[in-house]
Amino acid sequence: MNKRFEIWLTFTFAPLVFAQAPSSPRPFTGFSTPAPNAAPAREVPLVEKRWEALANQDVGGDGTKALSIAPEKWKHAETENFILHFRRVTEAQKVAREVEYDLWYVANALGATKDRYARKSHVFVFENEGEWLRFKGMLGPDSQSWSASFAKGDELFLNVRGGGNSGAGTSFDSSTLAHETTHAVVARLYKRKRRWPLWLNEGFAEYMGGASVAARKGQPAKHYQRTLGRAEMPLSALENMKEYPTELAAIHELYQTSEKFVRFLMNDFPKNRIVKFIDAILDGKDIESSVIEVYGDKVKDWAAFMKRYERFNK
């Protein structure tokens, strides 16, 4: 389950922002390998359909609960890679534009061709705060009922106008959407057989959340990277963390330390090696062994790697 405490903590009072893609989306230029797929067009076709005509009607438990809320009001539409459920086409079109770009960007980062994510996944777009709160109330105690938006498996549940737990202001922006889409794309690509560890799942999503928005706008990724003032968790503790902390300080440390480590690998080493690093981690190797295996020609040893990491503050 992809818990997104930072949405509530960081974006509760942020304005609703849907970044407009440039007329010709910029290709992903951060990796030395060519992009396996062409970037999506600026305007993403949104084809409205009846429920029975959808390419994929298989929704999870949370999706079933969402669709049970005033079911006659839900509209359904498809894009090339997603099935959207929504009340108003205005919000759906904005979400469609961004999730298609985010999927393309993340898939390219992971070297995935379209055949690996051919099955369309579902996106539930809430633009009414009352309905969102009702939906959250239907979720179990171990769910993400506290969150402003979240991904569960390869499904996305988005509150595009709500105020999260505070009930004030808005709590959704493009970086948040890109973060949650990253979780959904990872679930589509790796399935349940290759579950990412907590730190890697959140660190990669945090990094891609900013990087995808920056790429779509044709701007440097650093413009969308926050200062990591609480990235102080030892890597050994980070690696051993199996569940999300309950204390606020530890939550910040988890997210920021995870992001710092992934950002360090992406900024200071060849970006296209991140896939090999992820594979090594998913094969059961620890961080140190994976680093030496993948980046051993770039650092003298683990001590040298850690010295560079500890100095890293970008």
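**Reading the sheet**

In S6, Leu156 is the bridge partner of Ala151.

Student: Before we go on, what kind of model is this?

Tutor: A predicted one: local features need pLDDT of at least 70, side-chain atom pairs count only at pLDDT 80 or more, and totals for chains, interfaces and linings use all residues. Residues are numbered from 1 along each chain as its sequence is written, and side-chain values use heavy atoms, with hydrogens and water left out.

Student: How many bridges join S5 to S6, and do they run parallel or antiparallel?

Tutor: Strands are DSSP runs (E, at least two residues), helices are runs of H or I with at least four, and both are numbered from the N terminus. Two strands pair if DSSP finds at least two bridges between them. Here S5 and S6 run antiparallel and are joined by four bridges. They form a hairpin with two residues between them, and Gly153 in the turn has a positive phi of about 60°.

Student: What is the strand order in the open sheet?

Tutor: The six strands follow S1-S2-S3-S4-S6-S5, with mixed pairing. Strand S1 (47–49) and strand S5 (149–152) are the edge strands, each pairing on one side only.

Student: Which residue in S2 is the bridge partner of Glu48?

Tutor: Ala77. S1 pairs with S2 (residues 75–78) in the antiparallel sense, over three bridges.

Student: Which strands does helix H3 touch?

Tutor: Contact means heavy atoms within 4.5 Å. Axes are lines fitted to C-alpha atoms, for helices over the stretch in contact, and angles run from 0 to 180 degrees between N-to-C directions. H3 (residues 89–109) packs on the sheet, touching S3 (82–86), S4 (121–126) and S6 (155–159), and its direction makes about 155° with that of S3.
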